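This briefing covers one protein chain, topic by topic. The sequence and the model come first, and the notes follow.

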Amino acid sequence: MTRPAVFSAADIHAALNLKDLREPLIAAMTAVSQQTAGHPPRFAAPVNAQGRMGLMYGYLQDPPVHGAKVLSLFPDAPAVGLSSHQGFVMLFDSRDGRPLAICDADALTALRTAAMSMLATQILARPDPQIITVCGAGEQADWHIRGSLAWFPTAKIRIWARRFDAARQLALTFAGASAQVTAMPDLQQAVRGSDVIHTVTAATHAFLCGDWLEPGQHINLVGASLADSRELDDAGVARVAMFTDSRESSSRESGEILGAKRAGAIAADYPVTEIGQVIENPLLGRGADTDITAYKSHGLIVQDLIAGYEMLKRRG
């Protein structure tokens, strides 16, 4: 067997930054909408009372790669200093089947998830956001703050979390940032006047109220990626123009949309537009400054594969 390159988290963070993934993610999301990339339903099975084993697999035609992400999903692992998602992304050459690379999944996922939110913000939000609210205080909150500071350097960042001390502690880690990063104890106050809201929590029940949303805001719904979890309530789903990385994934896994349909808050034909379609035709995106847009992130394997391929190009 051809020996694949092996990239640790340190290797990935040394070689890639969030902006490096902008063009690769544009290519991957366009491929999803053109149906030249595949991402079958993800699979997860219980291991014990503490965690599950997860598997995602898929392919891209350009570049010609396929692969899989194998994960241990242990929600309580951060309490002992570990990521809740630990595993590997394995990348193969689709021309001859050679294994190309094995990448640390935690680092690759952190980068591509935050970079995808920043890309969605660039495409769907009003230009030059000045106030950005991050809901959550975990690993993805950290990376979304980093992304916001890198992509929108003049913006002020607000952090809200269920535990205010966690939000405050996260804010302190950015004390030297060029933009102002502050923790706020009240969620409604934190989202008031915001241009962009990133929800990056482990919530299973909606906490963001649609009645609080204001004309022109953009929301990245990132934390809840399973059908039985959600971050935005029914009223919010009914108010927003909804976008996603994959309509097929959204039809199975979007807790917000599925829940709002069951409640009768939205119709069965509720429109959801893929971000790849908007990349190809910007007229399908935000229609007016007063629109409230939302991007539902499911975290597709093709995003991991394109990020792994970018890593391979730089360090392979």
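**Nonpolar cores**

The largest nonpolar core has 69 residues, and those touching the most other members are Ile12, Met29, Leu60, Ile145, Ile157 and Val302. Helix H3 (residues 105-124) gives the largest share of this core, 12 residues. The model is predicted: local features need pLDDT of at least 70 and side-chain atom pairs count only at pLDDT 80 or more, while totals for chains, interfaces and linings use all residues. Residues are numbered from 1 along each chain as its sequence is written, and side-chain values use heavy atoms, with hydrogens and water left out.

- A nonpolar core here is a set of buried Ala, Val, Leu, Ile, Met, Phe, Trp, Tyr and Cys residues joined through side-chain atoms within 4.5 Å.
- Buried means under 20% relative accessible area, exposed over 50%, and partly exposed in between (1.4 Å probe, protein chains only).
- Another core, of 24 residues, lies apart from the largest one; among its members are Cys135, Phe207, Leu221 and Tyr270.
- Ile157 is in contact (heavy atoms within 4.5 Å) with Ile132, Val134, Ile145, Ser148, Leu149, Gln180, Val181 and Thr182, leaving aside neighbours within four places in sequence.
- In soluble globular proteins, nonpolar side chains tend to be buried together.

**The sheet**

- Eight strands form an open sheet with parallel pairing, in the order S10-S9-S8-S11-S12-S15-S13-S14.
- Helices (H or I, at least four residues) and strands (E, at least two) are DSSP runs numbered from the N terminus, and two strands pair if DSSP finds at least two bridges between them.
- The edges are strand S10 (181-183) and strand S14 (272-274), each of which pairs on one side only.
- On average, neighbouring strands of this sheet are turned by 20° against each other, direction ignored.
- Helix H3 packs on the sheet and touches strand S11 (196-199), strand S12 (218-221), strand S13 (241-244) and S15; the direction of H3 makes about 155° with that of S12.
- Axes are lines fitted to C-alpha atoms, for helices over the stretch in contact, and angles run from 0 to 180 degrees between N-to-C directions.
- Strand S9 (residues 156-160) runs parallel to S10 and is joined to S10 by three bridges; Ile159 has Ala183 in S10 as its bridge partner.
- S13 pairs with S15 over four bridges, in the parallel sense, and Thr244 is partnered by Lys296 in S15.
- S13 also pairs with S14 in the parallel sense, over three bridges, and Met242 stands opposite Val272 in S14.

**Cysteines**

- The count of disulfides (pairs of cysteine sulfur atoms within 2.5 Å) is zero.
- Cys135 is in no disulfide, and the nearest cysteine sulfur, that of Cys209, is 11 Å away.
- Cys135 is buried at a relative accessible area of 0%, and Cys103 is likewise buried, at 0%.

**Two loop residues**

- His39 sits in the loop between strand S2 (37-38) and strand S3 (43-46) and counts as buried, at 13% relative accessibility.
- The side chain of His39 makes a polar contact with the side chain of Ser246 (3.4 Å).
- A polar contact is a pair of N or O atoms within 3.5 Å; within protein, one must be able to donate a hydrogen and the other to accept it, and residues adjacent in sequence count only if both atoms are side-chain atoms.
- Asp289 lies in the loop between helix H10 (275-280) and strand S15 (293-296) and is exposed, with a relative accessible area of 54%.
- Not counting residues up to four places away in sequence, Asp289 touches Arg126, Pro215 and Gly216.
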